[in-house]
Amino acid sequence: MPTTDFGPFWPALSLASRAGLAYPSVMTDHQRLLIIDFGSQVTQLIARRLREARVYCEIHPYQNVDAAFLRAFAPRAVILSGGPASVTEPGSPRAPQELFGMGIPILGICYGQQVMMTQLGGKVEAGHHREFGRAYVEPAGAHTSDAIFAGLFTGGREEVWMSHGDRVTELAPGFEVIGTSAGAPLAITADAARNFYAVQFHPEVHHTPQGRVMLQNFTRLAGFTGDWTMAAYRDEAIAQIRAQVGDGRVICGLSGGVDSSVAAVLIHEAIGDRLTCVFVDHGLLRQNEAEEVVGMFRDHYNIPLIHADESELFLGALDGVSDPETKRKTIGRLFIDVFQKYADRIEGAEFLAQGTLYPDVIESVSVSGGPSATIKSHHNVGGLPEKMGLKLVEPLRELFKDEVRALGRELGLPDSFIGRHPFPGPGLAIRCPGEITRDKLEILRQADAVFIDQIRKHGLYDEIWQAFAAILPVRTVGVMGDARTYDYACALRAVTSVDGMTADFYPFSHEFLGETATRIINEVKGINRVTYDITSKPPGTIEWE
């Protein structure tokens with residue numbers, strides 16, 4: 001999962017029961033596009049591309065979309081996503097047949113193309129030439145300059161990203177071929193009379209350079225005017241918060257990360273001093289972080305804030321713990337206990353605010369209906385302990401991370417804060433593999449501060465998704481002056497990413513790395529060796545634990 005902004009560690013109680021995945025969103029004042037998800041790993045990218053074009057869209061699993069859902073959602077257009085199944089297999093996923101009689105534009109992508117052809121009278125076969133990765137589509141029809149293909153094929157062919165084993169072998173009535181590739185003779189098909197379009201490749205991914213153009217053309221064809229803005233969302237969200245909360249009081253688990261901070265400022269605009277924030281300092285924060293967060297919210301926003309310094313409790317419980325999952329679960333359990341203690345002191349609190357984002361909502365339900373592999377526990381995919389008796393306020397649950405940042409700017413939060421790199425919920429605990437000690441944490445804080453200072457001095461901070469130092473559970477021999485040292489090694493990590501789902505290491509120059517290593521070794525007592533982590537995600541994760 002992509003979300004790494006650290007916030008409340010609620011226990012594992014599925015978001016599905018409260019996420020709104022089985023019914024349309026309350027965001028009804030916008031032109032809306034529906035994405036029916038068949039389980040593709042990149043379905044979220046479709047939504048991101050459309051949101052970038054100011055088109056409001058929602059992703060819903062195919063199991064939840066029936067005729068009644070379609071009537072309630074009233075989409076202006078529909079996109080059918082890719083997926084891992086084969087339409088040739090009995091019981092494979094389908095779109096509701098009523099969809100094709102609604103008279104609205106439909107775009108099928110990969111598996112979505114095969115679903116359209118199958119349900120509308122065409123034919124799909126398995127066992128043909130497979131295509132995975134880069135491919136090229138040649139124009140094959142008379143409409144390559146029309147409709148959603150405007151601006152494409154100007155160079156004669158288009159580079160695309162394929163990922164399929166099955167392929168369409170017979171078109172449904174009314175469709176014609178628009179483009180062809182070596183592995184998919186019917187790579188682009190269209191029924192222009194009904195505004196039905198289907199492609200075998202993935203226009204949503206970065207590796208299809210003109211895919212964004214195709215998706216934007218599709219939305220224009222469907223009549224979208226780009227009415228989805230953060231200014232409009234701000235006003236709607238404030239109205240919804242007021243309607244939900246009424247005269248009640250809200251408490252917010254403030255982490256200092258972007259998500260919970262934007263949620264807090266937004267709610268404060270809606271209900272004023274009936275919001276109280278609780279900032280739990282677990283002793284695992286970066287250098288000066290607690291002071292910065294508390295200062296900003298008390299001095300600049302005048303939001304009631306409880307600063308709960310519980311570092312002794314957390315660090316005591318983590319003494320001797322080295323397993324990363326045990327660290328996470330220990331921190332999560334204590335966080336709930338501590339938050340409960342302070343929440344009980346806020347008289348009349350009925351609601352708890354949480355910085356849940358749209359990717360959290362999407363990923364809380366598996367399209368296949370089965371469990372997905374657990375890479376590591378995440379803090380904000382869960383519900384509330386029943387004993388708290390609080391109702392949730394989640395004003396960001398419609399938004400992607402970049403939209404949260406845009407909303408933060410709309411609310412007046414400073415760019416220096418909005419643009420901060422994500423920080424994990426367990427804090428420095430997972431950047432300290434092995435046992436955690438106060439001495440190691442202090443060394444880590446200093447090394448991390450030097451690294452970030454170097455990145456800022458070289459003007460690289462905004463080019464990087466996330467950067468940090470990790471202290472390794474080994475000591476190495478070194479020489480400083482004429483003396484032998486036996487100190488810790490640290491690893492520097494900096495990655496580029498769009499959404500945290502995949503990432504690549506940032507290509508620092510050797511000069512930068514050398515200068516940074518020299519500073520850390522000279523300025524941080526306890527480190528005598530510096531390494532740089534060049535692992536991408538996958539196969540690694542962004543964090544070390």
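Is Asp453 buried, partly exposed or exposed? I looked this up to open the notebook, and at 28% relative accessibility Asp453 counts as partly exposed. My scale calls a residue buried under 20% relative accessible area, exposed over 50% and partly exposed in between (1.4 Å probe, protein chains only).

**Ground rules**

I am working on a predicted model, where local features need pLDDT of at least 70, side-chain atom pairs count only at pLDDT 80 or more, and totals for chains, interfaces and linings use all residues. I number residues from 1 along each chain as its sequence is written, and my side-chain values use heavy atoms, with hydrogens and water left out.

**Entry 1: salt bridges**

I stayed with Asp453 and found its side chain in a salt bridge with Arg519, at 2.8 Å from N to O. I count a salt bridge when a side-chain nitrogen of Lys or Arg is within 4 Å of a carboxyl oxygen of Asp or Glu. This pair links distant parts of the chain, with Asp453 in helix α13 and Arg519 in helix α14 (residues 510-523), 66 residues apart. My helices (H or I, at least four residues) and strands (E, at least two) are DSSP runs, numbered from the N terminus. Arg519 is buried, with a relative accessible area of 18%. I then followed shared partners, and salt bridges join Asp453, Lys457, Arg519 and Glu523 into one network.

Next I searched the whole structure and got 24 salt bridges. One of them joins the side chains of Glu58 and Arg32, at 3.8 Å from N to O. Glu58 sits in strand β2 (residues 56-61) and Arg32 in strand β1 (residues 32-37), 26 residues apart. Both Glu58 and Arg32 are buried.

I also noted the salt bridge between the side chains of Glu289 and Arg420, at 2.5 Å from N to O. Glu289 lies in helix α7 (residues 289-300) and Arg420 in the loop between α12 (415-418) and α13 (438-457), so this pair ties together parts that are 131 residues apart in sequence. Glu289 counts as buried at 2% relative accessibility, and Arg420 is buried too, at 14%.

**Entry 2: rings**

How many aromatic pairs does a search of the whole structure find? I got 13. Rings of Phe, Tyr and Trp (its six-membered ring) pair if their centres lie within 6.5 Å; planes under 30 degrees apart count as stacked, over 60 as edge-to-face and the rest as tilted.

I picked out Phe100 and Phe196, whose ring centres are 6.1 Å apart with planes at 75 degrees, so the pair is edge-to-face. Phe100 lies in the loop between β3 (77-80) and β4 (106-109) and Phe196 in strand β11 (residues 196-199), so the pair ties together parts that are 96 residues apart in sequence. Phe100 is buried at a relative accessible area of 9%, and Phe196 is buried at 2%. Elsewhere I found a cluster in which ring pairs link Phe451, Tyr506, Phe508, Phe512 and Tyr532.

I checked charges over rings as well (NZ of Lys or CZ of Arg within 6 Å of the ring centre and within 35 degrees of the ring normal). Arg76 lies over the face of Phe224, 5.9 Å from the ring centre. The charged end of Arg475 sits over the ring of Tyr488, 4.6 Å from its centre.

**Entry 3: strands**

I turned to an open sheet of 5 strands, with parallel pairing in the order β14-β13-β12-β15-β16. Two strands pair for me if DSSP finds at least two bridges between them. β14 (305-309) and β16 (391-393) stand at the edges with a single partner strand each, so one side of each is left without a neighbour in the sheet. The twist averages 30 degrees from one strand to the next; axes are lines fitted to C-alpha atoms, for helices over the stretch in contact, and angles run from 0 to 180 degrees between N-to-C directions.

Within this sheet, 5 bridges join the parallel strands β12 (residues 249-254) and β13 (residues 275-281). There I saw Gly253 opposite Val278 in β13.

Helix α6 (residues 258-271) lies across β12, β13, β15 (349-353) and β16, at about 160 degrees to β12. Helix α7 lies across β12, β13 and β14, at about 165 degrees to β14.

Last, I looked at β4. It runs parallel to β3, with 3 bridges joining them, and parallel to β11, with 4 bridges. Gly108 in β4 is the bridge partner of Leu80, and Gly108 also stands opposite Ala198 in β11. Ile106 and Gly108 point one way from β4, Leu107 and Ile109 the other way, and all are buried.

Conventions
Contact means heavy atoms within 4.5 Å.
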